[in-house]
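Welcome, and thanks for taking a look at this one. Below is a short tour of surface, cores and domains.

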Amino acid sequence: MKIAIVCYPTFGGSGVVATELGIALANRGHEIHFITYKQPVRLALLSENIHFHEVNVPEYPLFHYQPYELALSSKLVDMVKLHQIDLLHVHYAIPHAYAGYMAKKMLAEEGITIPMVTTLHGTDITLVGSHPFYKSAVTFSINKSDVVTSVSESLKQDTLRLFDIKREIDVVPNFIDVTKYNHGFTDCQRSLMATEDEKIITHVSNFRAVKRIDDVVRIFNEIQKEIPAKLMMVGEGPEKEPAEQLCEELGISDKVIFLGNSNEVDKILCFSDLFLLPSETESFGLAALEAMISSVPVISSNTGGIPEVNVHGVSGYLSNVGDIKDMSNNALKILKDAAELEKFKIGAKEQALEFDINKIVPVYEFIYQKAFEMA
Ligand code: GMT
């Protein structure tokens, strides 16, 4: 099948999932066309089966806002015709589902029928999409998709609660390419980051307010009062600077390392003992799953789709949003006892294997067949 994948090319989870899915589908013989404004960050190599088409939006002084969705829908029409693409899979409703639907209608005018699958990822529903400025267009484009999927049951329920949805929503959880994490690193170069007696705690995100970065620092602060520890902060975003300031105020700057965006998260997780994800809301928590497959237990909030991924008492612990005390106590329970840490490491990996890419990609292939029947 020839599939066009539309996604954000950045470090966000939706772009990572779309890219990994495209690569996996290409490995299964499909021809994949990524259509976005930049080559996706996790897409290292193009090949016979993997193509990238850049959407250009030339600056024009008359426009206060450059019309990206117009350029995207035009590009989709052109690429579908040029490469005889069979199906559109758009990730993140805004504005991809809207642009995809416009492309579909333009193609229909020329007698070309193309099914569209829309995958909802989280903030496109819970934070941005439900805002009154976007809600009508998001509702419309979800209802006009041939098949709609969400990455967790929790996100499906949020979508049904927040929008007037007339379509069925299929839950297809995010996944992990297990082979990428069977890297067999023996020396994870842990000694570069911490001394032997220090535990390494890691957080990976886009440093938005929804991630409660302040809580990450405060949880770590409680931990380091009791045991020698270092905190690795991976990612970039608006909350990074305030977090650096907070570390200074708390006098822990020497114990917190801000690494910026990284394409080597697997190497960082390799030397990590614990992962923190205290988000306000999280439709799934791909970053937690990436930690778990690396045998890193997760201390997280009990919100959104996180409990569908992180199992309390098995792969880590769940606490109420903002309960820094409970999260740091849970972290210390795991970190202070070597046998407990080992038990949770095994639990984290076993739970992550439930989301093996080989179980999930065939589900998407089934969804594509369904989309052909619906189109
Ligand atoms: O977490 C973010 O802010 C990025 C965002 C995105 O769309 O890239 O992540 C969302 O999609 C991920 C992949 O499906 C999920 O794992 C994240 O939980 C979800 N983020 C939120 O719901 C806040």
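Let's start with Tyr60, which is partly exposed because its relative accessible area is 46%, where buried means under 20%, exposed over 50% and partly exposed in between (1.4 Å probe, protein chains only). This is a predicted model, in which local features need pLDDT of at least 70, side-chain atom pairs count only at pLDDT 80 or more, and totals for chains, interfaces and linings use all residues. Residues are numbered from 1 along each chain as its sequence is written, and side-chain values use heavy atoms, with hydrogens and water left out.

**Surface patch**

- Tyr60 sits in the loop between β3 (50–54) and α2 (68–83); helices (H or I, at least four residues) and strands (E, at least two) are DSSP runs, numbered from the N terminus.
- Together with Leu62 and Phe63, Tyr60 forms a nonpolar patch on the surface, with about 350 Å² of accessible area in total.
- Areas come from the Shrake-Rupley method with a 1.4 Å probe, and for residues only the protein chains shown count as cover.

**Domains**

- The protein chain is divided into domain 1 (2–175 + 356–374) and domain 2 (179–355), with bounds from an automatic or database domain assignment.
- Taken over C-alpha atoms, the domain centres are 30 Å apart.
- In contact (heavy atoms within 4.5 Å) are 22 residues of domain 1 and 17 residues of domain 2.

**Nonpolar cores**

- A nonpolar core is a set of buried Ala, Val, Leu, Ile, Met, Phe, Trp, Tyr and Cys residues joined through side-chain atoms within 4.5 Å.
- The largest has 70 residues, and Phe34, Phe275, Leu289 and Tyr368 have the most contacts inside it.
- Each of domain 1 and domain 2 supplies at least three residues to this core.
- A second, separate core of 28 residues includes Val217, Leu332, Ile334 and Phe344.
- Beyond neighbours within four places in sequence, Tyr368 touches Met1, Ile3, Leu21, Leu25, Leu87, His89 and Val117.

**Buried positions**

- Leu231 lies in strand β9 (residues 229–234) and counts as buried because its relative accessibility is 0%.
- Setting aside neighbours within four places in sequence, the contacts of Leu231 include Ile201, Val216, Phe220 and Leu276.
- In helix α5 (residues 135–144), the buried residues are Val138, Thr139, Ser141, Ile142 and Asn143.
- Those α5 residues pack against α3 (93–109), β5 (116–120), α4 (123–126), β6 (147–150) and α6 (153–162).

Conventions
Patches are made of residues with over 30% relative accessible area and no salt bridge: like charges are joined within 9 Å, nonpolar side chains (Val, Leu, Ile, Met, Phe, Trp, Tyr) within 5 Å. A salt bridge is a side-chain nitrogen of Lys or Arg within 4 Å of a carboxyl oxygen of Asp or Glu.
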